[in-house]
Amino acid sequence: MRWLFVTLLVLSGAAARCEGIVEVLGRSQQLQLEAFTDADADAPSTRKVRQSFEALRDRAGLGPTVELRVVTGPVLAETLHGRVIIAHQSLGDLDEGARLFILAHELGHVSLKHWPQMTLLYQAWLPGELMQAQSDAVAALLGHDASALAHRQEFEADVFALHMLHALGRSAQDAVSAFVQMGVYSDTATHPGTRKRLAALRAAEGELK
Ligand SMILES: [Zn+2]
């Protein structure tokens, strides 16, 4: 999720356009969406990603408004506009369990309405028409709050994915496999580090038993 930084960039140019924060966020998401290049729709890996996505979407009871775009480029998976899931074609080459976990995590962001929550947080800090002085003044505090919410949402999406895997007769081992294949990361502005996410998953798995 690079949205936080793209949003702050878009924000800095917004004051001159007489926009509100909701329009800025929408524009920021759209810019990111348009920057992706679609993968070959007929490639076996693309088909695998789509099959896994459709099975999970049906299972989660989410309708056709939730879209998938299988892409190439510097992304693994993310959700834009709260309903468009971007997934790298290489997910098709992962173990099925790891692929299911990563896609279910993104569907968790959709199902748990994380983007509307984030939008509300931005609106609370920046109500009405944006003015440069106002957005500069709150940028640090807003960034702090948005980062804390983003971290909470990552943990929630992981637990959502774990529950989906369980419903499919799979275990947290698939999640571990996904993290192993993604590599080990430290905390970022938008994501808790791998160790914290694995610890939270282990705790959530313990509660399922
Ligand atoms: Zn996430």
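Biologist: To get my bearings, how many helices and how many strands are there in the protein?

Modeller: Keep in mind that this is a predicted model. From the N terminus on, the elements run α-α-β-α-β-β-β-α-α-α-α-α. That gives eight helices and four strands.

Biologist: And what is the radius of gyration of the protein?

Modeller: Along its principal axes, the C-alpha trace spans about 50 × 40 × 30 Å. The globule rule gives 17 Å for 209 residues, and the protein comes close to that, so it is as compact as a globular protein of that length. The radius of gyration is 18 Å.

Biologist: What share of the residues is buried?

Modeller: To count as buried, a residue needs 20 or more other C-beta atoms within 10 Å of its own. Out of 209 residues, the buried ones make up 33%.

Biologist: Now the sheet: in what order do the strands sit?

Modeller: Strand S2 (residues 67-72) pairs with S4 in the parallel sense over five bridges. Strand S3 (residues 77-80) pairs with S4 too, but in the antiparallel sense and over four bridges. The pairing in this open sheet is mixed, and the order is S1-S2-S4-S3.

Biologist: Which strands stand at the edges?

Modeller: Look for a strand with a single partner, since one side of such a strand is left without a neighbour in the sheet.

Biologist: Let's zoom in on S4. How many of its residues are buried?

Modeller: In a regular strand the side chains alternate between the two faces of the sheet. In S4, Val84, Ile86 and His88 point one way, Ile85 and Ala87 point the other way, and all are buried. So for residues 84-88 the count is five of five.

Biologist: Which residue of S4 stands opposite both Arg69 and Glu78?

Modeller: S4 has S2 as a parallel partner and S3 as an antiparallel one. Arg69 stands opposite Ile86. Glu78 also has its place opposite a residue of S4, and that residue is Ile86.

Biologist: What is the phi of His81?

Modeller: His81 lies in the loop between S3 and S4, a hairpin with three residues between the strands. It has 14 C-beta neighbours inside 10 Å, so it counts as partly exposed. Although His81 is not a glycine, its phi is positive, at about 55°.

Biologist: Lys113 has a positive phi as well; is it buried, exposed or partly exposed?

Modeller: You'll find Lys113 in the loop between H4 and helix H5 (114-125), with a phi near 60°. Within 10 Å there are 13 other C-beta atoms, so Lys113 is partly exposed.

Biologist: Which strands does helix H3 touch?

Modeller: H3 (residues 44-59) packs on the sheet. Its direction makes about 155° with that of S2. The strands that H3 touches are S2 and S4.

Biologist: How do H3 and H4 lie relative to each other?

Modeller: The two helices pack with their axes 10 Å apart, in a right-handed crossing. Val49, Ser52, Phe53, Leu56 and Arg57 in H3 meet Arg99, Leu100, Leu103, Ala104 and Leu107 in H4. The angle is about 50°. That makes H3 oblique to H4.

Biologist: H4 also packs against H6; at what angle?

Modeller: H4 (residues 96-111) lies across S3 and S4, running at about 20° to S3. Where H4 meets H6 (residues 132-167), the axes are 7 Å apart, and the crossing is right-handed. The contact includes Leu100, Phe101 and Ala104 of H4 along with Phe160, Ala161 and Met164 of H6. H4 and H6 are therefore oblique to each other, at an angle of about 120°.

Biologist: Last one: is Pro64 buried or exposed?

Modeller: Pro64 has its place in the loop between H3 and S2. Glu54 is ten residues from Pro64 in sequence, and the two are 9.5 Å apart in space, C-alpha to C-alpha. Pro64 has 6 C-beta neighbours inside 10 Å, and the cut-off for exposed is 12 or fewer. Pro64 therefore counts as exposed.

Key:
Residues are numbered from 1 along each chain as its sequence is written. This is a predicted model: local features need pLDDT of at least 70, side-chain atom pairs count only at pLDDT 80 or more; totals for chains, interfaces and linings use all residues. Two strands pair if DSSP finds at least two bridges between them. The radius of gyration is taken over C-alpha atoms; the globule rule is 2.2 Å times the number of residues to the power 0.38. Two residues are in contact if their C-beta atoms, placed from the backbone, lie within 7 Å. Axes are lines fitted to C-alpha atoms, for helices over the stretch in contact, and angles run from 0 to 180 degrees between N-to-C directions. Angles under 35 degrees count as roughly parallel, over 145 as roughly antiparallel, 65 to 115 as roughly perpendicular and the rest as oblique. A crossing is left-handed if the near helix is turned anticlockwise from the far one by less than a right angle, and right-handed if clockwise.
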